[in-house]
Amino acid sequence: MTANIHTVIIAKDLADLIPVFFRNRQKEVETLRTALAAGDFEQLRQLGHRMKGVGNSYGFARVSEIGKRVEDGAKAGDKTAIDACIREYADYLSKVQVVYE
Amino acid sequence: MNDRAAADSAPDAQAAYRVLVVDDDPDMVAFLARLLKREGMSVETAVNGESALMQVMTAPPDLVLLDVMMPGTSGFDVCRQLKGDEATALIPIVLVTALEDSESRVRGIEAGADDFLSKPVRREELIARVKTLRRLHDTRKELESRRLAAEVQRKEAIRKAFSRYISPRLADRITEAAGEHGDPFQGRAQRTSVVALFADLRGFTRLTEKNEVGAVVAMLNEYFAVLTEAAYQHDGTIFNMAGDSLLVGFNVPFAQPDAAERAWHTALEMVARFGPVAASWRERHGLEVGVGIGMCAGEAIIGNVGSTHYASYTIIGNPVNTAARLMQMAAAGEVLVCGPLYERIRHLVPAARVATRGDVTLRGKSESIPVFAVRAGAHEHA
């Protein structure tokens with residue numbers, strides 16, 4: 001079996017928090033898209049900052065990493081980079097698998 | 001959020017340490033709350049600065065875990081407000097900031113934050129920091145409760161020590177004063193206006209001759225009990241109890257503008273209260289006894305006199321010596337009053353009971369003083 005880059009190991013005691021966590025991340029994708037369409041870089045920066053903080057706290061390093069790029073893109077006013085980030089984020093959320101330990 | 005609510009509402013009755021988690025991200029709040037609850041702490045949450053301030057004011061927690069970046073009132077503002085308020089300044093605040101955000105840390109220090117936690121939050125770091133602050137908090141609480149206990153013990157010791165010599169009301173005042181200004185009896189010898197009252201037992205020598213030691217002590221106790229009661233009734237301070245004589249001071253250690261009146265009423269009360277005791281001794285032992293009293297007003301020195309090993313709160317001066325001489329001259333049931341003091345109480349004394357003794361030269365004194373003799377009796381005690 002090959003290592004799945006979308007598999008994330010999460011502490012067992014957080015298991016019941018994860019479904020809500022993912023629902024909020026899906027909503028976040030939609031909010032990011034809306035903010036990008038509106039060119040609202042301040043909101044994009046805040047959303048990226050939040051992703052950066054919450055992602056790795058739960059154990060989802062990739063969420064934090066994408067969040068940082070969104071924040072940086074917002075600061076630079078780089079719509080293209082942010083758009084790429086949002087696509088990558090949506091793709092990641094659709095594939096990520098959680099293993100509890 | 002039902003699943004979260006169910007998991008996080010685990011019973012934590014024994015968790016005395018209360019943490020308020022403030023973050024506008026509900027996932028972050030849920031995450032931090034979960035970790036803290038696993039450590040047995042009680043957790044409350046707020047999703048913005050305004051509600052955090054409200055919660056702290058209504059139910060102050062033991063620690064606040066505070067996100068910096070929140071819409072509306074920021075974490076810095078919350079921190080500054082809580083640290084600026086005397087009622088909440090001592091509550092530890094941990095600011096949660098981005099790892100690389102050194103500017104936020106500087107602002108946090110300026111706002112009064114006690115510690116910082118980096119986002120993303122590492123479980124071990126969170127627990128270590130909170131536990132450290134908890135230990136500090138517990139130590140501070142323990143020290144505070146020890147200080148309070150020591151304070152209570154000290155006041156109780158002072159109250160007990162002095163309640164043997166002064167009225168319970170005065171003992172309470174001294175205990176209060178001890179908390180505010182230190183020991184009111186310590187190192188403050190001062191000259192002040194006093195009223196001194198000396199009382200002793202006429203017929204005491206016969207009493208000691210006719211009765212066994214045990215009986216004498218019991219009778220003296222009975223005698224001093226009624227005299228002490230009378231002195232305390234009017235907030236007199238007992239300075240000395242020797243043989244069968246008792247020295248009571250007024251206007252000390254606290255000012256009593258009506259000290260003369262208090263002394264007069266005490267004298268009457270002593271004679272009146274001792275009446276039934278004397279009657280019972282007469283019946284049981286065939287003794288003729290009564291209380292003789294001398295009173296005088298004037299300047300005296302008040303303070304602790306003695307050595308480092310033994311000292312007593314003492315009253316020294318002319319009014320004391322004069323009161324002692326007058327007491328020696330007083331017959332049973334008689335109160336001898338020096339002139340200046342008599343002027344202050346004459347409105348209370350029935351004229352028919354007063355006899356002037358003229359100017360009397362007291363033993364050991366070069367100048368004579370006017371003396372008034374008042375026959376005291378239970379029926380005169382208004």
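Student: At roughly what angle do the axes of helix α2 (residues 41-58) and helix α3 (residues 61-76) of chain A cross?

Tutor: Good place to start, and keep in mind that this is a predicted model. The axes of α2(A) and α3(A) come within 7 Å. Their crossing angle is roughly 160 degrees.

Student: Is α2(A) then roughly parallel or roughly antiparallel to α3(A)?

Tutor: Angles over 145 degrees count as roughly antiparallel. The crossing of α2(A) and α3(A) is at roughly 160 degrees. That makes the two helices roughly antiparallel.

Student: How do the residues of the contact of α2(A) with α3(A) divide into nonpolar, polar and charged?

Tutor: Let's look at who meets whom. On the α2(A) side, the contact includes F41(A), L44(A) and R45(A), while the α3(A) side includes A61(A), V63(A) and S64(A). The residues of this contact divide into nine nonpolar, six polar and five charged.

Student: Which way do α1(A) and α2(A) run relative to each other, roughly parallel or roughly antiparallel?

Tutor: Helix α1 spans residues 18-38 of chain A, and its axis comes within 10 Å of that of α2(A). The two axes cross at roughly 160 degrees, and angles over 145 count as roughly antiparallel. Therefore α1(A) and α2(A) are roughly antiparallel.

Student: Is the crossing of α1(A) and α2(A) left-handed or right-handed?

Tutor: Among the residues of α1(A) that take part in the contact are F21(A) and L32(A), and α2(A) contributes residues including L47(A) and Y58(A). As α1(A) passes α2(A), the crossing is left-handed.

Student: In what order do the elements of chain A run from the N terminus on?

Tutor: Chain A has four helices and two strands. From the N terminus on, the order is β-α-α-α-α-β.

Student: Now for chain B: why is strand β8 (residues 245-250) largely enclosed by the rest of the structure?

Tutor: A residue counts as buried if 20 or more other C-beta atoms lie within 10 Å of its own. Strand β8(B) has six residues, and it is largely enclosed because the number of them that are buried is five.

Student: Which residue in β8(B) stands opposite M241(B)?

Tutor: Strand β7 (residues 237-242) of chain B pairs with β8(B) in the antiparallel sense over five bridges. Their hairpin has two residues between the strands, and G243(B) takes a positive phi near 60 degrees there. Opposite M241(B) stands L246(B).

Student: And which residue in β8(B) is the bridge partner of A196(B)?

Tutor: Strand β6 (residues 190-202) of chain B also pairs with β8(B) in the antiparallel sense, over five bridges. In β8(B), the bridge partner of A196(B) is G249(B).

Terms used
Residues are numbered from 1 along each chain as its sequence is written. Chains are lettered from A and ligands numbered from 1 in the order in which they are written. This is a predicted model: local features need pLDDT of at least 70, side-chain atom pairs count only at pLDDT 80 or more; totals for chains, interfaces and linings use all residues. A residue is buried if 20 or more other C-beta atoms lie within 10 Å of its own, exposed if 12 or fewer, and partly exposed in between; C-beta atoms are placed from the backbone. Two strands pair if DSSP finds at least two bridges between them. Axes are lines fitted to C-alpha atoms, for helices over the stretch in contact, and angles run from 0 to 180 degrees between N-to-C directions. Angles under 35 degrees count as roughly parallel, over 145 as roughly antiparallel, 65 to 115 as roughly perpendicular and the rest as oblique. Two residues are in contact if their C-beta atoms, placed from the backbone, lie within 7 Å. Ala, Val, Leu, Ile, Met, Phe, Trp, Tyr, Cys and Pro count as nonpolar, Asp, Glu, Lys and Arg as charged, and the others, Gly among them, as polar. A crossing is left-handed if the near helix is turned anticlockwise from the far one by less than a right angle, and right-handed if clockwise.
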